[in-house]
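Please look over the structure shown here before turning to the points below. They are grouped by topic and can be followed in the viewer.

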Amino acid sequence: MSEDRNVARARALDTATLSDALDRLGIVGQCYRIAGRDPAFEMAGRAFTMLCGPASNPPGTVGDYIDDVPEGHVVVIAKGGRDDAAIWGDILTEIGHRRGLGGTVIDGISRDVKLCRELGYPVFSRGHWMRTGKDRVQVEKMDCPVNIGGARVQPGDILRGDPDGVVVLPKEHEDKVLDAAEEIAAAEDHIREACRGGMRLDEARRQFKYHSLQTRKAE
């Protein structure tokens, strides 16, 4: 499957630049405290979302959804930051990797990090711990808006993850976010090149309007 154009554009940008673009547009898209289980993990893809909650009595399931996730999509699991039971482990990692998924993002914890590191399958979460979520957590709803680290994620939104964390680009604003991010990246490249050529940093920043790059613009 070929990657869609805007996912490819997001992949070419780092999360810091995308975060600056989100700030410029007044969009909260930074997923607070969500980080890769390996510092080298990178990902970009569209969201396949699910909402989880405490298990009922009798307990519900954590979901056998993995074969329904489209290739290249990112599994996005909202767990309200719960960190005492994992919702993702080695079986899901192996299948997700084999099926060519874009990665996994969890507002909660995962486990079995050794395998995701060996396979290079990117898992981003609040942490990892070995205790299972079985009979402790259950899927409440799928294909719905969710909250990941204080950022709203809807099905089909673009998620970009790198060593700095995860950002979400809402699908209704993704073109504007990407346009702004590419402009910011180009300005910063010009600043670096000018400084390599001997220009003072303060002058390069003035020339390429560094101090207004992230400033929120009026509509």
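Predicted model: local features only at pLDDT ≥ 70, side-chain atom pairs only at ≥ 80, totals over all residues.

- Phe48 and Tyr65 form a stacked pair, with 6.4 Å from centre to centre and 25 degrees between the planes.
- Because Phe48 lies in strand 3 (residues 43-54) and Tyr65 in the loop between strand 3 and strand 4 (74-78), this pair ties together parts that are 17 residues apart in sequence.
- Phe48 counts as buried at 17% relative accessibility, and Tyr65 likewise counts as buried, at 4%.
- Trp88 and Tyr121 form a stacked pair, at 6.0 Å centre to centre and with 5 degrees between the planes.
- Trp88 lies in the loop between strand 4 and helix 3 (90-98), and Tyr121 in the loop between helix 4 (113-119) and strand 7 (123-125), so the pair ties together parts that are 33 residues apart in sequence; both Trp88 and Tyr121 are buried.
- The charged end of Arg205 sits over the ring of Tyr210, 4.4 Å from the ring centre.

**Largest pocket**
- The largest pocket holds about 360 Å³ of space, and of the 19 residues that line it, Val62, Ile87, Gly89, Ile91 and Leu92 are the closest to its centre.
- The lining of the largest pocket divides into 9 nonpolar, 4 polar and 6 charged residues.

**A loop residue**
- Met130 is found in the loop between strand 8 (127-128) and strand 9 (137-142), and its relative accessible area of 55% makes Met130 exposed.
- Met130 and Gly72 are 58 residues apart in sequence and, C-alpha to C-alpha, 27 Å apart in space.

Key: Residues numbered from 1 in each chain as written. Heavy atoms only, no water. Helix = DSSP H or I, 4+ residues; strand = E, 2+ residues; numbered from the N terminus. Buried < 20%, exposed > 50% of the residue type's maximum accessible area, 1.4 Å probe, protein only. 1 Å grid on protein atoms, 1.4 Å probe; cavity = no way out; pocket = protein on both sides within 12 Å on 5 of 7 lines; lining within 4 Å. Points joined across faces, edges and corners; volume = space filled by probe spheres on them. Nonpolar A, V, L, I, M, F, W, Y, C, P; charged D, E, K, R; others polar. Phe/Tyr/Trp six-rings, centres within 6.5 Å; stacked < 30°, edge-to-face > 60°. Lys NZ or Arg CZ within 6 Å of the ring centre and 35° of its normal.
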